[in-house]
Amino acid sequence: MRILHISSARALGGGERHLVDLALALAGRGHDVHVALRPGSLLSEQLAALPAQNLIRLPLRNALDIRSAMELTRILRERRIEIVHAHMARDYPLAALATRRYRNARLIITRHVLFPLKKIHALTLSHAARVIAVSEPVARSLNKQKIFPSRKISVVPNGIDLEKFDAMRRDAARASVCHRLQIDERRLLVGTLGEINRLKGQEEFLRAAAIIAAQFEEAEFIIAGADSSQSGEQSAALERLIIELNLSGHVHLLGWIDDVSPLVKALDVFVSASRTESFGLAMVEAMASGVAVVATATEGARSIIEDDVTGKLVSIGDVEELAASVVELLSNTEERNRLSSLALAAVLERFSLERMVAETEQIYLAAIADS
């Protein structure tokens, strides 16, 4: 198939990692994959394995960028695109207009978040061939809005490249990360991964870290992820909080990391302190790495983790409960190993990249067959 993905993403997060993995895997299965991006997009480097001419730069300024929609139409026609797959809400209307003007292409959208779609989406997406929800909670949210017939909505949980997380041994990953941080390999490592913003709960992570550090002087805390704010104010706020909590020297703000597998594999405990989560790709990556997970009980986390079986779920916003669960796992190696072993088995069964790509491919084929 000739497939065009569209993403105007300015930052890199779980949704963008999903797009990269999907696009590259589809190309590996023999499809002709194109991606439309904003100029200077951080995704360009991640997609460098695609032919250079298949990476298309467009302004993609907002949902009303008619000029970009017209250019998309021209590209669809010239390249005889069969599937247009949009991944961000502000790109949906542009993709919808382009596929209305070039009717040989079928519009697929993936919904990565729980927030309701807006009126402009209800007006523009009536001809969408299929809608992919990354989790059952997202599908329920979509069905509640009644914008699309339920038969068009499919749940395809995100998948990850399990071989990448299995390839590196834990001791090698730990040595590499500790060398980078210039700390002793015997330190306890507690980390979180995700876009730096209030909804991801980095503030709660730090407040829990202060409680944990009072009991484990040897604990080190790692926050990795790109700051989604334009001027970096969210990272600056975290830096101020680190000083306020007397955690200087014990917290490492690493920013965006291209390959998260060594970092995640090196951890003793992975924490997701999100206030809302539609899926939680980082949690799955931690589980695939054999790392015990403590997560706030968001809808996304509950769709991935079975409490006290494949991880620990705590109340959203409850810093004391979050800290207590991490302390429990740091104190009990046997319990950490039990949770991580069961989590790894669950990931192997449910969250492989091969499964995600195959299911997405079948949705594309069904959309084409309906035409």
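Two strands are taken to pair if DSSP finds at least two bridges between them, and strands of a sheet pair through backbone hydrogen bonds, either parallel or antiparallel. On this basis, the predicted model contains an open sheet of 7 strands, arranged in the order β3-β2-β1-β4-β5-β6-β7, in which the pairing is parallel. At the edges of this sheet stand β3 (55-57) and β7 (153-155), each of which pairs on one side only, and the twist from one strand to the next averages 25°.

Helix α3 (residues 66-79) touches β1 (2-7), β2 (32-37), β3 and β4 (83-86), and the direction of α3 makes about 160° with that of β1. Helix α6 (residues 136-145) lies across β5 (106-111), β6 and β7, and runs at about 165° to β7.

Another open sheet is made of 6 strands in the order β10-β9-β8-β11-β12-β13, again with parallel pairing. The edges of this sheet are formed by β10 (251-255) and β13 (312-314); each has a single partner strand, so one side of each is left without a neighbour in the sheet. The twist here averages 20° from one strand to the next.

Contacts between helices were examined next. Two packed helices are described by the angle between their axes and the distance between the axes. For α1 and helix α12 (residues 281-288), the axes come within 9 Å and cross at roughly 65°; because angles of 65 to 115 degrees count as roughly perpendicular, α1 is described as roughly perpendicular to α12. In this contact, Gly14, Arg17 and His18 of α1 meet Leu281, Ala282 and Glu285 of α12, and the residues involved divide into 2 nonpolar, 2 polar and 2 charged.

For helix α14 (residues 319-331) and helix α15 (residues 333-350), the axes come within 5 Å and cross at roughly 105°, which makes α14 roughly perpendicular to α15. Here Leu329, Leu330 and Ser331 of α14 meet Thr333, Glu335, Arg336 and Leu339 of α15, a contact that comprises 3 nonpolar, 2 polar and 2 charged residues.

The empty space in the model was then considered. Rolling a probe the size of a water molecule over the atoms shows where empty space is left. The structure holds 2 cavities of 30 Å³ or more. The largest cavity has a volume of about 60 Å³ and is lined by 13 residues, of which Arg17, Leu193, Gly194, Gly225 and Trp256 lie nearest its centre. Arg17, a residue of the lining of this cavity, also takes part in the contact of α1 with α12. By class, the lining of the largest cavity has 6 nonpolar, 5 polar and 2 charged residues.

The second largest cavity has a volume of about 30 Å³, and its lining consists of Gly191, Thr192, Leu193, Ile222, Leu263, Val264, Leu267 and Phe270. Two or more of these residues are given by each of β8 (188-193) and α11 (261-266), with the largest share, 3 residues, coming from β8. This lining has 6 nonpolar and 2 polar residues, and no charged residues.

The lining of the second largest pocket divides into 10 nonpolar, 1 polar and 8 charged residues.

Technical notes
Residues numbered from 1 in each chain as written. Predicted model: local features only at pLDDT ≥ 70, side-chain atom pairs only at ≥ 80, totals over all residues. Heavy atoms only, no water. Nonpolar A, V, L, I, M, F, W, Y, C, P; charged D, E, K, R; others polar. Helix = DSSP H or I, 4+ residues; strand = E, 2+ residues; numbered from the N terminus. Axes fitted to C-alpha atoms, helices over the stretch in contact; angles between N-to-C directions. 1 Å grid on protein atoms, 1.4 Å probe; cavity = no way out; pocket = protein on both sides within 12 Å on 5 of 7 lines; lining within 4 Å. Points joined across faces, edges and corners; volume = space filled by probe spheres on them. Parallel < 35°, antiparallel > 145°, perpendicular 65-115°, else oblique. Contact = heavy atoms within 4.5 Å.
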